[in-house]
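Welcome to my notebook. I opened this structure for a first look and wrote down what I looked up, entry by entry.

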Amino acid sequence: MNIVIVGFMGTGKTVVAKALAKELKKDYVSMDNVIEKKEGKSISDIFAQKGEPYFRNVEKEVAKELSEKDGLIIDAGGGVVLNEENIKNLKNNGKIICLTATIDVIFERTKRHTHRPLLNVEDPKKKIKELFDFRTPYYKKADHEIDTSKKSIREIVKEIVEVVGSR
Ligand code: S3P
C-alpha cells in the first residue's frame, strides 16, 4: 500500500511526506520530480513551453505508474485531485491524505517562491483563493484531511500514522 499526500500548494506536502517516509522507513517520491525527470525540464518550463493540459497528461501517466508500485510515500502535485482517474488509481493501492491550511497561511508559505507557475501572477492571493474554492470539493475526496496551519510536522506525521494504521 502507498500513502499519497495531496493538498493545495503550500499546505506542507513535501516536508510532511519526507518526514513520514523517514518515520515509516519507506521510500519518498515526489510526483513533480518524476515529471521533471521524464520531461527533462522544470515544471515551470513545461507549463511555459507546452501548457497546462500537457502537464496534466504527464501527471496522469505518472499517477498511474506510481499507483502500480507499492510501499511508497507519494508527494503529489497540488492539482492531481482534479482528475477523477488519478483519484481512482491512487486509491486503488493507497490511502490519500489531504493537507489543508488557511488562505493566509498558504499565501505566507508560497509568496517567496517562484517555481509555481500557477501563482506567478499579479495578485497571487486572489488566485490562491479562486483555485482553493474551486478545488475544495476535489480535495474532499481524500480518505482523511488535516489542517496544517497550526500543527507541527511531528503532530501531522503522528496523525497520519494513526489514521493509516487504523484502516
Ligand atoms: C500545481 C502544484 C505544483 C505543481 C504544479 C501545479 C497545482 O505542486 O504540480 O505547479 O496545480 O496545484 P506543489 O503543490 O507541490 O507545489
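**Getting started.** Helices (H or I, at least four residues) and strands (E, at least two) are DSSP runs, numbered from the N terminus. I am reading a predicted model, where local features need pLDDT of at least 70, side-chain atom pairs count only at pLDDT 80 or more, and totals for chains, interfaces and linings use all residues. Residues are numbered from 1 along each chain as its sequence is written, and side-chain values use heavy atoms, with hydrogens and water left out.

**Entry: helix H4.** I began with Arg56 and Glu59, which both lie in helix H4, three residues apart, about one turn of the helix. Their side chains meet in a salt bridge, 2.9 Å from N to O. For that term I use a side-chain nitrogen of Lys or Arg within 4 Å of a carboxyl oxygen of Asp or Glu. Arg56 also has Glu52 as a partner: that salt bridge has its closest N and O atoms 3.0 Å apart. Glu52 and Arg56 are four residues apart, again about one turn, and both belong to helix H4, residues 52-67.

Which of these residues are buried? I call a residue buried under 20% relative accessible area, exposed over 50%, and partly exposed in between, with a 1.4 Å probe and protein chains only. Glu59 is buried because its relative accessibility is 2%. Arg56 has a relative accessible area of 18%, so it is buried. Glu52 is at 29%, and therefore partly exposed.

I stayed in helix H4 for Leu66. Leu66 counts as buried because its relative accessibility is 5%. I also checked its distance to Asn89: 23 residues separate them in sequence, and 9.0 Å separates them in space, C-alpha to C-alpha.

**Entry: other salt bridges.** How many salt bridges does a search of the whole structure find? I noted 13. One pair I looked up is Asp104 with Lys125, where the closest N and O atoms are 2.8 Å apart. This pair links distant parts of the chain, since Asp104 is in helix H6 (residues 103-110) and Lys125 is in helix H7 (residues 124-139), 21 residues apart. Asp104, at 46% relative accessibility, is partly exposed, and Lys125, at 33%, is partly exposed too. I also found a network of salt bridges that links Lys38, Glu61 and Glu65.

**Entry: around the ligand.** Which residues are closest to the ligand? Of the 13 residues that surround the ligand, the closest are Lys13, Asp32, Arg56, Arg116 and Arg135; a residue counts as near if one of its heavy atoms lies within 4 Å. Arg56 was already in my notes for its salt bridge with Glu59.

Next I listed some polar contacts, meaning pairs of N or O atoms within 3.5 Å; within protein, one must be able to donate a hydrogen and the other to accept it, and residues adjacent in sequence count only if both atoms are side-chain atoms. Here is what I wrote down:

- Lys13 places a polar side-chain atom 2.7 Å from an oxygen atom of the ligand.
- Gly78 has a polar backbone atom 3.0 Å from a ligand oxygen.
- Gly79 has a backbone N or O atom 3.4 Å from an oxygen atom of the ligand.

The ligand on its own has 390 Å² of accessible area, and the protein covers 94% of that. Accessible areas come from the Shrake-Rupley method with a 1.4 Å probe; for residues, only the protein chains shown count as cover.

**Entry: two loops.** I found Thr11 in the loop between strand E1 (2-7) and helix H1 (13-24). Is Thr11 buried or exposed? Thr11 is buried because its relative accessibility is 0%. A polar atom of its side chain lies 2.7 Å from the backbone oxygen of Phe8.

Lys25 sits in the loop between H1 and strand E2 (27-30). Its phi is near 55°, a positive value in a residue other than glycine. Lys25 counts as exposed because its relative accessibility is 75%.

**Entry: helix H8.** My last stop was Val163, in helix H8 (residues 153-165). Val163 has a relative accessible area of 11%, so it is buried. Val163 and Lys95 are 68 residues apart in sequence, and their C-alpha atoms are 9.4 Å apart in space.
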